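Please consult the sequence and the model while reading them.

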Amino acid sequence: MAGCELQAVAEGVYLVDAWQFGRRGIGGVYLLAGAEAALVEAGTSLAVPRILAALGELGIPRETVRWIFVTHVHLDHAGGAGALVRELPRTQVVVHPRGAKHLADPTKLVASVKRAVGERFPLYGEAVPIPEERLQVAEDGERFPVGGQLIRAVDAPGHAPHHLCFLEETKGLLFTGDAAGLYLKGRLIPASPPPSFDLERSLSTLERLIALRPKALCYTHFGLRPGAEGLAEYAELLPRWLETVRWAWEGAGKEEGPALRLAMEKLARDGWPVGDPLLRDDLLMSARGALIYLARREADPA
Ligand SMILES: [Zn+2]
C-alpha cells in the first residue's frame with residue numbers, strides 16, 4: 001500500500017516506519033496485531049496516514065485497536081495520538097500521570113517543542129487535543145490486556161519526568177521510548193533534551209529496566225535490538241556524555257552558545273556523526289538539555 005512500510009519484528013509485532021523528518025529509519029510506531037490490536041507510540045500527526053495504511057495492509061479493523069501506548073508526550077512520540085483517536089473509534093491513549101494534561105491541552109507542549117527544536121518545528125506536525133474520556137493514565141506496574149498479551153507500564157523518568165516504558169510480558173519485548181537513548185544505524189545516541197533531562201533519574205530508570213530482564217529492546221528511534229545489553233551500554237554512555245558537555249561548559253566560562261560550539265567541535269573530533277544534519281541537530285539538542293541539567297544542579301546541588 002502506498003506510503004506504508006511495515007516490518008515484522010516479532011510474532012504479531014510490526015514496526016511502521018513513521019518517516020520522521022521525512023527520513024526512513026529515524027522514528028517508528030509499533031503495532032501489536034491480534035484479535036485486539038494496539039499501538040506503541042503514535043509518531044507525529046504526519047505519520048497518521050502511514051499507520052492507518054499499515055492497519056489496512058494487515059487487515060486489522062480500526063475498531064479493534066484498543067490502546068495507543070505513548071511512552072511520553074514529546075511530539076515525535078505522542079503528537080499524532082489526537083489525530084489517531086479520531087480515526088480509531090475504541091482507542092484509548094495510555095499515558096504517564098504527568099503527561100495526560102499535555103495531551104488534553106497540547107498548547108504548552110507545542111510551545112516547548114517550538115523553543116527546543118527551532119526551524120525543525122513544522123516537521124513535528126500538529127497536535128490535536130485528546131478528549132479526557134479517551135485518555136487512560138497508567139500507574140507504575142499497571143497491566144493492560146491486548147488480545148492474549150499483557151503490556152506492563154513501567155515508570156521511567158529521566159529523559160523527561162512524564163516517561164513510561166512498556167513491557168510486553170509474553171515475549172519480553174521492552175518498548176524503551178527515549179529512556180534508553182536513540183539507536184540509529186547500530187549506534188547509541190544520547191537523548192538528554194531540554195528542559196527536564198535528569199542524569200540520576202535516567203540511571204536509576206535504566207537499573208530498573210535491566211532488572212526486568214527484557215529479551216529484546218524496541219527502540220522508537222529505531223527498531224528492535226535483541227538482548228538487553230543496550231540498557232547497560234546506555235547507562236555507561238550517559239555519564240561520559242555529561243562529562244563531555246561539562247568540559248565544554250567549563251571551558252566556555254559557562255556560557256551556553258560558546259559551550260555548545262566547543263561541545264560540537266569535540267564531538268566531531270571524537271568521531272560522532274555530526275556530519276549528518278539530523279543527527280547533528282539531535283546531538284545539539286541533547287547537549288543543550290545536558291547544559292540545562294548541569295546549570296540546574298549547580299544552582300541546587302541537592
Ligand atoms: Zn523524547
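**Questions on a predicted model**

Q: Does His159 count as buried or exposed, and at what relative accessibility?
A: The model is predicted, and the assignment rests on a computed accessibility. Residues under 20% relative accessible area are classed as buried. His159 therefore counts as buried, at a relative accessibility of 5%.

Q: Which residues coordinate the zinc ion?
A: The donor atoms lie at 2.1 to 2.4 Å from the zinc ion. In sequence, the donor residues follow the spacing H-x1-H-x84-H-x18-D. The coordinating residues, with their atoms, are His72 (NE2), His74 (ND1), His159 (NE2) and Asp178 (OD).

Q: Why is the site of the zinc ion classed as irregular rather than tetrahedral?
A: A tetrahedral site with four donors requires all angles to lie between 85 and 135 degrees. The angles among the four donor atoms of the zinc ion run from 86 to 176°.

Q: Where in the chain do His159 and Asp178 lie, and how many residues apart are they?
A: His159 is in the loop between β9 (149–155) and β10 (164–168). Asp178 occupies the loop between β11 (173–177) and β12 (182–184). The pair links distant parts of the chain, at a separation of 19 residues.

Q: What is the relative accessible area of Asp178?
A: Asp178 is a donor residue of the zinc ion. Asp178 is classed as buried, with a relative accessible area of 5%.

Q: Which residues does Leu206 touch, not counting residues up to four places away in sequence?
A: Leu206 belongs to helix α6 (residues 199–211). Its relative accessible area is 0%, so Leu206 is buried. The residues that Leu206 touches are Ala179, Ala180, Leu231, Tyr234, Ala235 and Leu238.

Q: What is the geometry of the aromatic pair of Phe21 and Tyr124?
A: The structure holds nine aromatic pairs. Phe21 and Tyr124 form a pair with 5.2 Å centre to centre and 65° between the planes. Planes over 60 degrees apart count as edge-to-face, and the geometry of this pair is accordingly edge-to-face.

Q: How many residues apart in sequence are the parts that Phe21 and Tyr124 tie together?
A: Phe21 lies in the loop between β2 (13–17) and β3 (28–32), and is buried at a relative accessible area of 12%. Tyr124 lies in the loop between α5 (107–117) and β7 (135–137), and is buried at 4%. The parts that this pair ties together are therefore 103 residues apart.

Q: Is the aromatic pair of Tyr183 and Tyr219 stacked or edge-to-face?
A: Both Tyr183 and Tyr219 are buried. Tyr183 lies in strand β12 and Tyr219 in strand β14 (residues 216–219), so the pair ties together parts that are 36 residues apart in sequence. The ring centres are 5.0 Å apart, and with 20° between the planes the pair is stacked.

Q: What radius of gyration does the chain have, and what value would a compact globule have?
A: The chain has nine helices and 15 strands. Buried residues make up 56% of the 302 residues. A compact globule with 302 residues would have a radius of gyration near 19 Å, which agrees with the value for the chain, 18 Å.

Notes. Residues numbered from 1 in each chain as written. Predicted model: local features only at pLDDT ≥ 70, side-chain atom pairs only at ≥ 80, totals over all residues. Heavy atoms only, no water. Donors = N, O, S within 2.8 Å, 3.2 Å for Na, K, Ca; no water. Tetrahedral: all angles 85-135°; square planar, octahedral: opposite > 155°, others 65-115°. Helix = DSSP H or I, 4+ residues; strand = E, 2+ residues; numbered from the N terminus. Buried < 20%, exposed > 50% of the residue type's maximum accessible area, 1.4 Å probe, protein only. Contact = heavy atoms within 4.5 Å. Rg over C-alpha atoms; globule rule 2.2 N^0.38 Å. Phe/Tyr/Trp six-rings, centres within 6.5 Å; stacked < 30°, edge-to-face > 60°.
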